[in-house]
Amino acid sequence: MSCSKLKYTNSARTIDEIPFGEASWHSFKVRYTGEVTHASPSWKRRTYEVHTRDAMTVLRNMLASPDFNGKWNHTPYEEYVRSDDGQRSRRYSNVMSGRWAWRQATKVAADPETHGSMLVPIILGADKTTVSVATGQQEFHPLYISTGLVTNEMRRAHREAVLPLAFLHIPHAPRESEDDPEFREFKKQLYHASIAHILDPVRPAMSNPVVVRCPDGHFRRAIFEIGPFIADYPEQVLLATIVQNWCPKCLARPEELDSKGAPRFRDQAQPFTDQFPRADIHELLSPDLLHQAVKGTFKDHLVEWVQQYVFANNAAKDAKAIMDDIDRKISAVPVFPGLRRFHEGRNFKQWTGDDSKALMKVFVPAIVGHVPDRMVQAIVAFLDFFYLARRSSHTTDSLAEMEATLVRFHEVREVFRDEGIRDDFRLPRQHALVHYVEGIKNFGSLTGLCSSITESKHIDAVKEPWRHSSKNNPLIEILVKNTRRHKMAAARVEFGERGMLHGDVLLGAKAEMGLAMPVEPEIGEGHDGGAVGDDDALLDVIGVAGKAKPLVVEMGKRPAYTRSIVTLAEEVGQPRLQELVRRFLFSQIYVDFEGDFETVPLGDCPPFSGAVSVFHNARATFYAPSEEAGPEGMHSELFRSTPAWYGQYERRDTVLVQNGSEDDVMRGMVVGRVMLLMQFTHEDVRYSCALVEWFLPVDDEPDPVTGMWIVKPEMVHGRRNVGVIHLDCMVRACHLIGLYGHKRLDKDFHFADSHVAFKGFYLNRYADYHSHECGP
Ligand SMILES: [Zn+2]
C-alpha cells in the first residue's frame, strides 16, 4: 500500500488506569511524512492518535465465550428445505450458510498450509457517531468487530458478539483545506493505514493456522480472514476508495445506476484489504438495509418525492392542506402492538431510522387518493421488496420474489419521471438494492449484517460511557468503561450466570413448533468433510410462510370482573350473547358436527346461564421467523379488549381467525374484532373464548392499488354481526386501517374511533414483518 506519506509510532503509553489484563486499550500515532515546512497546513504538521486493542486477543476471547455455545457454526454449510411444491431449495440465513464462506473455505482447504483449519471470518463495522453537548458536538469513529461464526440472532441480540475494536481518528483541516485533494487523499490513507495496522496482530493467523478455544470448549486449528464489512454509504465511499456518487460494488456509471453494472475492479488508491490474503473490499461491503433502504430509498427519496408531487400539482395552500390530511390519516390508525404513534404528524426533519420504519407501516393508506395510483404502487413495490429483504432467512423462492419485486419497483417508479418529479434515478443508495439478492447469497440474511447493529452498539460503547464521563478527556474514560464492561461480562459467563439465553422454555417451544412443521430441513454436507448435523444452528425450526401459528393463546393474569351471562349481555348491549355461548358450547362438544352451528335449533344446544369472567387482555406466543424479537425469534403479543385503555378510551384489537382452507380467499382467514374475552366453566370444563365482530373480504382479490385486502364489517339487520370463537382459533393480531378514500379526515378525529368510523378497512400488510411474511 502506498503508505509512504504515513508513519506509525506505537505509543509507549498504554492506558494504565485499566487494572485488568488482556484486551486492554493502547494507542498508536500516525503522521504525515512527506515534506513538511513551517508553512505547511496544520494537518501535515500534527500527529493523529488511534486507540485500539489487540485484535487477536479480542477475537480469541470472543471465540472462547461459552455464551455462544450452540449459537455458532464452526464450518460453512449448505442447508436445503423442500418448498410446498416439493422443490429442493437452498436456505440462506447465517453468514456461514452463504456462498462466500463456502468459497473462502474451499481456498483454505486447497492450500496445504491451511488445509483442515476452521475458517473464522472477521466481520468489521465502522460507523461515525456524534454526541452533543451545550458547548458543541464531538465526533467518535468506532470500529467494531464480530465473527461470522456466531449466528445472526446472537450478533443482533448479544452484547458481547459485537465489540468495539478501535476508535479511528477523524482528521479535521481548516475549512480552506477541507476540499484540498491532497488532504482528502491523506484522510483516505490515514483511514486505511489505521485499519490495516489495527488488524496487524491477526495477519499471521491468516496464512498460518493457530489453535483457538471455541464456545463448545474444544480447541481447533483456525485460519482467520477479513469478512463482510458493515458501513453506510459515506463510509463505503471511503472504504472502496471510490468517487462520491459511484457504486462501491460494481462499475455502473452514475448515469447507469438504474441497473447492475460489471463487477468493480481496483482504483488507483489501495484499500486496506490489499494487505490481507484473499480479501476484496468491493465484494466484502455488505448491503445495508438501514441506510440504503430505510433512510435512503424510503425516507429521503420516496416520501420526499410524494411531497414534491403534492406541492408541484397544487397551489401552496392546498398542498399544505393535503399534507396535513396525510398527517392526520397517519395519526388516525388504530393502536397495534409495536406500532409507534405519530402524534405530531410527519415532522421528518429529525427522523431516526426507527421513525422511518414506523412510517413504512402506515404510509400507504394515507396517501391513496392524494397522488396517482401508480405512485402508490411504486411505494407498495418498494415496501414489498424491503419486507422481503429483511427476512431472517431466504430460500430460492423468496429470492426470486425479491428479483421480481425489484423489477416491478423499477417499472412503476417511472411515474416520478413521468410526473416531472425526477429526471433520473442516479442514486447510489437506491441503486444498492440491485446487489441485495447477490448479497444474501453471499453472506446470508441482511439483518445479520446491518448498520442498525453498529448503530445500536453506539449506545453501549460510546453514548452511555460518554454521558458518565467528565468530558475532559472523554475518549480515555469511554475506553476504560468499555474494558470494564467487557471484563464483567466475561466474569459473568465464567461464573456460570448465563442469564436467560439458555431457557428450556424456548427449546420446548421450538420442539413443539418442530412437530407442527410440514417441512423438514435437509442438512447439507459440512465443508471439508466435517459432519455438521449436530450443530444446533442447523436444527433451527424453519418458518414457512403461512405456517407460523401461535404456540399458545392464554387469557391475561386475572379477570377484570365476573357476571352472570344474562347481566353481562345487558351490560355490553349484546342481546344474543347467551345464545352464541350455547352454540359455541355445541361446537366444542360435538366436534364432529359438520353443519352450520348458526342453524342448529337452540334447544339442541347445551343450556348455559352461569357466571362468565371477562378479561381485558390475552397473550399469544409465536415462533416468529423474522421478528426482531431477540434470540430464537420467540415473540409474544398481548391483544386487548377493554372499554378504557389506560382509563382513557376503548380499545378492541382485531385478530385473524382461521375459518376456511388455505386455498380460499384471504387464505381462509377472516378478521374478528375482539369485543369480549370470556372464560367460563361448563360441566367441569373451562372454556376460553371471545365475542368478535366479523369483518369479511369484499372481493376475492386484494385491492390492485395498495395490494392489501379490503374488509368490511358483516352486517345483519343494520347491526354488525358477532360470533363466539375459541381462543385457539385466533391466528394472530392484525391491523386494520380505515378506507379513507378521497375525503379529508376531520381535524378532531381520534384514532380510538377508527374501528367504528369507517365502512371499510385495509388489512394492513406492513403492520409488522410477521404480517407480511405470514399474513393472507
Ligand atoms: Zn452497483
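Q: Where does Asn245 lie?
A: In this predicted model, local features need pLDDT of at least 70 and side-chain atom pairs count only at pLDDT 80 or more, while totals for chains, interfaces and linings use all residues. Residues are numbered from 1 along each chain as its sequence is written, and side-chain values use heavy atoms, without hydrogens and water. Helices (H or I, at least four residues) and strands (E, at least two) are DSSP runs numbered from the N terminus. On that numbering, Asn245 lies in the loop between helix 8 and helix 9.

Q: What is the phi of Asn245, and is Asn245 buried, partly exposed or exposed?
A: Asn245 is not a glycine, yet its phi is positive, about 80°. Burial is set by relative accessible area: buried is under 20%, exposed over 50%, partly exposed in between (1.4 Å probe, protein chains only). At 39%, Asn245 is partly exposed.

Q: Which residues coordinate the zinc ion?
A: Donors are N, O and S atoms within 2.8 Å of the metal (3.2 Å for Na, K and Ca); water is not among the atoms, so sites may look incomplete. Along the chain, the donors follow the spacing C-x2-C-x180-H-x3-H. At 2.1 to 2.2 Å, the zinc ion is coordinated by Cys247 (SG), Cys250 (SG), His431 (NE2) and His435 (NE2).

Q: What is the geometry at the site of the zinc ion?
A: Four donors count as tetrahedral if all angles lie between 85 and 135 degrees; four count as square planar and six as octahedral if opposite donors are over 155 degrees apart and all others between 65 and 115; anything else is irregular. The ideal angle for four tetrahedral donors is 109.5 degrees. Here the angles among the 4 donor atoms run from 102 to 119°, and the site is tetrahedral.

Q: How many residues apart in sequence are the parts that Cys247 and His435 tie together?
A: Cys247 is buried at 3% relative accessibility. His435 is buried too, at 5%. Cys247 sits in the loop between helix 8 (233–239) and helix 9 (281–284), and His435 in the loop between helix 16 (428–431) and helix 17 (436–443), so the parts they tie together are apart in sequence by 188 residues.

Q: What does Asp460 contact, leaving aside its neighbours within four places in sequence?
A: Asp460 is part of helix 18 (residues 451–467). Its relative accessible area is 16%, so Asp460 is buried. Contact means heavy atoms within 4.5 Å. With those neighbours left aside, its contacts are Arg159, Pro465, Asn482 and Arg485.

Q: How far apart are the C-alpha atoms of Ala378 and Arg413?
A: Ala378 is in helix 13 (residues 373–389) and is buried, with a relative accessible area of 0%. Beyond four places in sequence, its contacts are Phe409, Val412, Arg413, Val415 and Phe416. Ala378 and Arg413 are 35 residues apart along the chain, and their C-alpha atoms are separated by 5.1 Å.

Q: What is the reach of helix 6 from its first C-alpha to its last?
A: The expected span of a helix is 1.5 Å times one less than its number of residues. Buried residues of helix 6 include Phe183, Phe186, Leu190 and Tyr191. With 18 residues (181–198), helix 6 is close to the expected 26 Å, and its reach is 26 Å.

Q: Which elements are among those covering the buried residues of helix 22?
A: Helix 22 (residues 577–589) has 13 residues and reaches 18 Å, close to the 18 Å expected. Among its buried residues are Leu577, Leu580, Phe584 and Phe586. The cover includes helix 21 (565–571), strand 21 (669–682), strand 22 (685–697) and strand 26 (722–726).

Q: Is Tyr646 buried or exposed?
A: Tyr646 lies in the loop between strand 18 (634–645) and strand 19 (649–652). Its phi is positive, near 50°, in a residue other than glycine. At 67% relative accessibility, Tyr646 is exposed.

Q: Over which residues does pLDDT stay under 50, with 97 contacts beyond four places in sequence?
A: pLDDT is the predictor's confidence in each residue, from 0 to 100. The protein chain averages 83, and 84% of the residues score at least 70. Where pLDDT is low, the predicted coordinates should not be read in detail. The stretch with 97 such contacts and pLDDT under 50 is residues 497–547.
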